[in-house]
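Subject: Structure handover, pocket and ligand

Hi,

My notes on the ligand and its surroundings follow below.

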Amino acid sequence: MSQTLIAPSILAADFANLQRDVELINNSDADWFHIDIMDGVFVPNISFGMPVLRDIVKHATKKIDVHLMIVDPDRYIKTFSKLGANVLTVHYEACTHLHRTLQSIKAEGMLAGVALNPHTNIALLEDVINDIDLVCVMSVNPGFGGQSFIENTYDKTMALKRLITEKGATTLIEIDGGVTNKNAVQLKDAGADVLVAGSYVFKSENPTDTISGLKEMTK
Ligand code: DX5
Ligand code: ZN
């Protein structure tokens with residue numbers, strides 16, 4: 001199997017030194033930038049919006065993975081495409097016409113992702129899995145960084161991997177929330193392709209080494 005991708009979450013960066021932190025990721029073993037957009041409605045928190053993303057993209061040299069934690073994400077698909085998102089992930093719980101939303105994301109030239117809250121069952125994706133480029137399995141309740149990892153995520157990841165294999169899909173599995181060196185290997189073994197890590201990376205003494213450590217242990 002190919003190497004696990006590491007996607008540091010900018011939510012845990014120092015916003016007063018954003019360029020420095022973006023360059024830190026550029027010069028590290030990380031693969032993607034994970035960008036959390038929250039609207040204060042779908043989740044009980046507001047992160048940052050388009051002007052900040054525009055400045056991140058100006059300096060970033062790696063793929064931009066945008067995680068929309070917003071209601072009615074269809075309204076902003078074109079905007080995020082123009083801003084330079086490579087992967088655009090919407091929440092299953094925020095989409096009434098998910099199949100249509102996925103087609104709209106792909107029509108804008110982005111990979112289409114679907115995020116699942118911890119209570120949302122994998123089986124709900126059965127009829128649409130072949131249309132999804134990435135499933136983001138939330139291993140915390142979305143809205144905040146620094147929360148602790150929900151253990152049920154291992155079983156959920158394995159169930160998702162089974163579904164992907166059964167359906168002959170090429171969907172990537174991303175795990176988001178509470179990822180550390182304590183669960184990274186088990187997540188990879190369960191079927192994870194992309195690991196998002198915010199606090200574990202940015203609150204560590206040496207984020208560059210922390211990223212290399214995650215990369216190394218999930219080879
Ligand atoms: C949570 C966000 C995550 C968050 C992860 O709502 O989707 O991407 O930044 O942060 P940590 O790794 O600190 O749990
Ligand atoms: Zn996220």
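Start with the ligand. Of the 20 residues around ligand 1, G143, G146, D176, G198 and S199 come nearest. Keep in mind that this is a predicted model.

- S199: a polar side-chain atom lies 2.5 Å from an oxygen atom of ligand 1.
- S9: a polar side-chain atom is 2.8 Å from an oxygen atom of the ligand.
- H34: an N or O atom of the side chain is 3.3 Å from an oxygen atom of ligand 1.

Burial is 99%: ligand 1 taken alone exposes 380 Å², and the protein buries that share of it.

Which elements give two or more residues to the shell around ligand 1? They are β2, β3 and β8. The largest share, three residues, comes from β2. By class, the shell has eight nonpolar, ten polar and two charged residues.

Now the space itself. Ligand 1 takes up the largest pocket. That pocket holds about 300 Å³ of space. Its lining counts 28 residues, and F144, G145, G146, G177 and G178 are the closest to the centre. Two or more lining residues come from each of β2 (32-38), β3 (63-69), β8 (194-197) and α7 (199-202). The lining splits by class into 13 nonpolar, 13 polar and two charged residues.

Best wishes

Conventions
Residues are numbered from 1 along each chain as its sequence is written. Chains are lettered from A and ligands numbered from 1 in the order in which they are written. This is a predicted model: local features need pLDDT of at least 70, side-chain atom pairs count only at pLDDT 80 or more; totals for chains, interfaces and linings use all residues. Side-chain values use heavy atoms; hydrogens and water are left out. On a 1 Å grid over the protein atoms alone, a cavity is a set of points where a 1.4 Å probe fits but cannot get out, and a pocket is an open set with protein on both sides within 12 Å along at least five of seven lines; lining residues have an atom within 4 Å of a point. Grid points are joined across faces, edges and corners, and a volume is the space filled by probe spheres set on the points. Helices (H or I, at least four residues) and strands (E, at least two) are DSSP runs, numbered from the N terminus. Ala, Val, Leu, Ile, Met, Phe, Trp, Tyr, Cys and Pro count as nonpolar, Asp, Glu, Lys and Arg as charged, and the others, Gly among them, as polar. A residue is near a molecule or strand if one of its heavy atoms lies within 4 Å of it. A polar contact is a pair of N or O atoms within 3.5 Å; within protein, one must be able to donate a hydrogen and the other to accept it, and residues adjacent in sequence count only if both atoms are side-chain atoms. Accessible areas come from the Shrake-Rupley method with a 1.4 Å probe; for residues, only the protein chains shown count as cover. A molecule sits in a cavity or pocket if more than half of its atoms lie within 2 Å of its grid points.
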